Number of protein chains: 2
Amino acid sequence: MPREYELIARLARIIPAHTGLAPRARVPAGIGDDAAVLRPRAGYDWVVSTDALVEGAHFLSALHPADAVGFKALARASSDLAAMGAAPLYFLLTLSLPAAKTGAWLNKFAYGMARAARRFGMRLVGGDLSRHDAVCAAVTVIGEARRGLTLLRSGAGPGDVLFVSGRLGAAQAGLEWLKREGPRAAARRPLPLALRSHLYPEPRLALGRWLAQMKLATAAIDLSDGLSIDLPRFCSASGIGAVLHADAIPLGGRLPTRNNRERALGRALHGGEDYELLFSVPRRFASRIPPRFRGVPLTRIGEITPRRSEVLLEASGQTTTLRPLGWDHFRKDA
Amino acid sequence: MPREYELIARLARIIPAHTGLAPRARVPAGIGDDAAVLRPRAGYDWVVSTDALVEGAHFLSALHPADAVGFKALARASSDLAAMGAAPLYFLLTLSLPAAKTGAWLNKFAYGMARAARRFGMRLVGGDLSRHDAVCAAVTVIGEARRGLTLLRSGAGPGDVLFVSGRLGAAQAGLEWLKREGPRAAARRPLPLALRSHLYPEPRLALGRWLAQMKLATAAIDLSDGLSIDLPRFCSASGIGAVLHADAIPLGGRLPTRNNRERALGRALHGGEDYELLFSVPRRFASRIPPRFRGVPLTRIGEITPRRSEVLLEASGQTTTLRPLGWDHFRKDA
């Protein structure tokens with residue numbers, strides 16, 4: 001069995017990383033010392049967030065390929081940077097895993113994480129490895145944004161228009177597909193969209209930065225636990241309410257089997273892990289939001305109302321309160 | 001059972017935290033948004049590190065009180081800031097835990113972490129909670145240091161003198177004590193030094209900053225895995241060797257039973273988790289290192305030699321190669 005330092009060295013070889021010393025660079029000290037030294041740029045704030053991907057809670061070793069676990073661990077955390085309009089820079093990884101997974105599994109995990117790091121433009125600057133019965137991967141991401149140009153959850157005002165990126169429910173459809181078909185579904189090539197959304201989610205980093213820099217959005221949140229959980233969070237932070245138009249919600253994840261619209265809407269409202277951005281735009285700027293941003297559809301799905309924390313769903317002329325049935329780790333039936 | 005957001009709110013109430021918005025402050029956005037926004041100070045670098053505390057690997061629920069787990073999770077990670085001479089500022093926590101531990105256990109964990117945060121002067125700026133069979137706590141710490149004034153592992157030169165803070169082996173003695181006596185040992189008041197060292201370690205933050213600011217140390221490392229593992233790391237980073245004087249090593253952890261010196265030396269060399277600082281000082285500055293710094297003994301225990309990565313132990317006139325028997329999670333017998 002390899003030793004701890006060999007595993008760390010292997011990870012830092014596979015994953016784009018800052019290693020060693022570079023006193024004049026933006027990372028004066030990378031991996032290899034007790035801590036990394038990072039040099040902030042003048043006029044920029046730093047944006048930091050942390051997220052864990054845990055075996056049993058977020059993935060199953062029997063179903064999820066190791067490279068998807070590595071990819072998703074970084075993608076999940078980076079989605080929070082997208083929601084803040086920050087440019088991703090660095091990340092740190094604490095990984096606990098069983099000894100039996102320190103060989104091929106760890107390599108595949110690292111290749112998946114490396115692919116995500118290259119895709120998002122991020123480099124590893126620190127980590128910690130330990131042994132555990134199950135895989136527990138915690139990722140801390142660090143990004144930067146010009147002072148005063150971060151997107152918050154709390155800026156939405158009455159009359160603003162609600163937009164969402166991409167199509168919702170695809171990740172949930174992918175998870176259901178994987179559970180039904182088993183791990184061979186993940187090996188399909190080309191990988192169907194729903195499975196790709198679930199296994200290799202794409203945080204909307206470029207969109208978040210564009211919205212922040214153009215000052216088009218008043219507030220934003222990334223959809224990690226499902227629209228029906230995340231929209232109330234968004235409303236609560238902004239002190240407003242919202243009305244969603246069910247018919248306008250872009251549905252994702254076409255399944256190979258015949259699928260009715262109601263189930264797809266349920267996934268779009270309550271399915272987690274879409275990692276799309278939900279954002280509000282002042283009505284007078286709404287026409288400046290293009291139908292697509294770099295190939296990703298942007299869809300108007302509702303409006304902000306002044307009724308604090310009241311979240312309504314309007315479907316076929318009927319308006320009801322939106323029930324929060326999205327993902328909560330500690331809910332009784334979770 | 002409480003919901004996820006209630007747990008997060010509870011943690012942020014108990015642990016000193018930056019919450020909400022304060023646009024002009026050093027933390028423009030704290031807990032409550034997708035990510036925290038931090039404002040770096042001009043002329044300062046940031047120092048970041050991450051460490052996990054995992055049930056089964058680092059602690060046992062049957063032996064270790066929850067508040068010690070919380071305290072130690074933050075202390076472990078902060079010790080890396082001490083070794084770099086950085087001032088601690090913020091931390092992020094990802095915590096996975098069983099539903100059965102979301103009540104009293106989590107409260108005690110939070111109180112322990114809160115005590116550490118107050119003691120070290122740190123505030124929580126982000127976190128993530130999920131459910132898991134075992135407790136997995138990953139902490140990322142962020143500190144700052146004036147540009148060019150961080151302590152690295154890599155600056156030691158031949159002829160430098162090696163110092164260590166505190167007394168070594170105490171934490172290992174405390175662990176043995178706890179294993180022998182069971183959890184009631186952790187309830188003793190006053191808590192004996194060895195148990196305190198093991199359960200509530202004290203990172204040498206003030207000492208690290210002083211050494212860095214006074215430019216007295218050429219290199220430093222914190223002793224987390226044992227002198228016999230960490231000294232070779234230090235030597236390898238600096239491209240030098242070292243000779244340790246066994247008789248000079250300050251031994252810690254007096255046990256209630258009669259204890260021979262050889263076992264205490266074994267613990268000092270190979271026992272992990274002392275979180276003391278090992279640092280090198282140019283010979284001409286050695287007299288400027290006081291015998292105590294804020295009550296913590298500083299002891300000269302060896303010298304740096306030019307023989308790359310050769311680490312020798314001199315005891316009773318005999319010189320032998322120091323065998324690395326300290327802690328490695330993935331070593332066969334670990």
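In the predicted model, 5 strands form an open sheet with mixed pairing in the order E1(A)-E2(B)-E5(B)-E3(B)-E4(B). Helices (H or I, at least four residues) and strands (E, at least two) are DSSP runs, numbered from the N terminus, and two strands pair if DSSP finds at least two bridges between them. Strands of a sheet pair through backbone hydrogen bonds, either parallel or antiparallel. At the edges are strand E1 (36–38) of chain A and strand E4 (123–131) of chain B, each of which pairs on one side only. On average, neighbouring strands of this sheet are turned by 20° against each other, direction ignored. Strand E3 (residues 87–97) and strand E5 (residues 136–146) of chain B run antiparallel and are joined by 9 bridges; B:Ser96 has B:Cys136 in E5(B) as its bridge partner.

Residues are numbered from 1 along each chain as its sequence is written, with chains lettered from A and ligands numbered from 1 in the order in which they are written. Local features need pLDDT of at least 70, side-chain atom pairs count only at pLDDT 80 or more, and totals for chains, interfaces and linings use all residues, while side-chain values use heavy atoms, with hydrogens and water left out.

A second open sheet of 5 strands, also of mixed pairing, has the order E4(A)-E3(A)-E5(A)-E2(A)-E1(B). Its edge strands are strand E4 (123–131) of chain A and strand E1 (36–38) of chain B. Within chain A, 9 bridges join the antiparallel strands E3 and E5, and A:Ser96 is paired by a bridge with A:Cys136 of E5(A). Helix H2 (residues 66–84) of chain A lies across strands E2, E3 and E5 of chain A together with E1 of chain B, and runs at about 145° to E2(A). Axes are lines fitted to C-alpha atoms, for helices over the stretch in contact, and angles run from 0 to 180 degrees between N-to-C directions.

The two chains are related by a rotation of 180° with 0.0 Å of shift along its axis, which superposes chain A on chain B with an RMSD of 0.0 Å. This is the relation of a two-fold axis. The same surface serves both copies, since 100% of the contact residues of chain A recur in chain B. The superposition is by least squares on the C-alpha atoms of residues with pLDDT of at least 70 in both copies, and contact means heavy atoms within 4.5 Å.

In chain B, helices H2 and H3 pack at an angle of about 40°, with their axes 6 Å apart. The residues of this contact include B:Phe71 and B:Leu74 of H2(B) and B:Trp105 and B:Phe109 of H3(B). They divide into 12 nonpolar, 3 polar and 4 charged, where Ala, Val, Leu, Ile, Met, Phe, Trp, Tyr, Cys and Pro count as nonpolar, Asp, Glu, Lys and Arg as charged, and the others, Gly among them, as polar.

B:Pro16 lies in the loop between helix H1 (4–14) and E1 of chain B. The residue is buried, with a relative accessible area of 17%; buried means under 20% relative accessible area, exposed over 50%, and partly exposed in between (1.4 Å probe, protein chains only). B:Pro16 touches residues including B:Ala114, B:Arg118 and B:Leu124. The C-alpha atoms of B:Pro16 and B:Arg118 are separated by 7.1 Å, although the two residues are 102 apart along the chain.

Conventions: Lists of a residue's contacts leave out its neighbours within four places in sequence.
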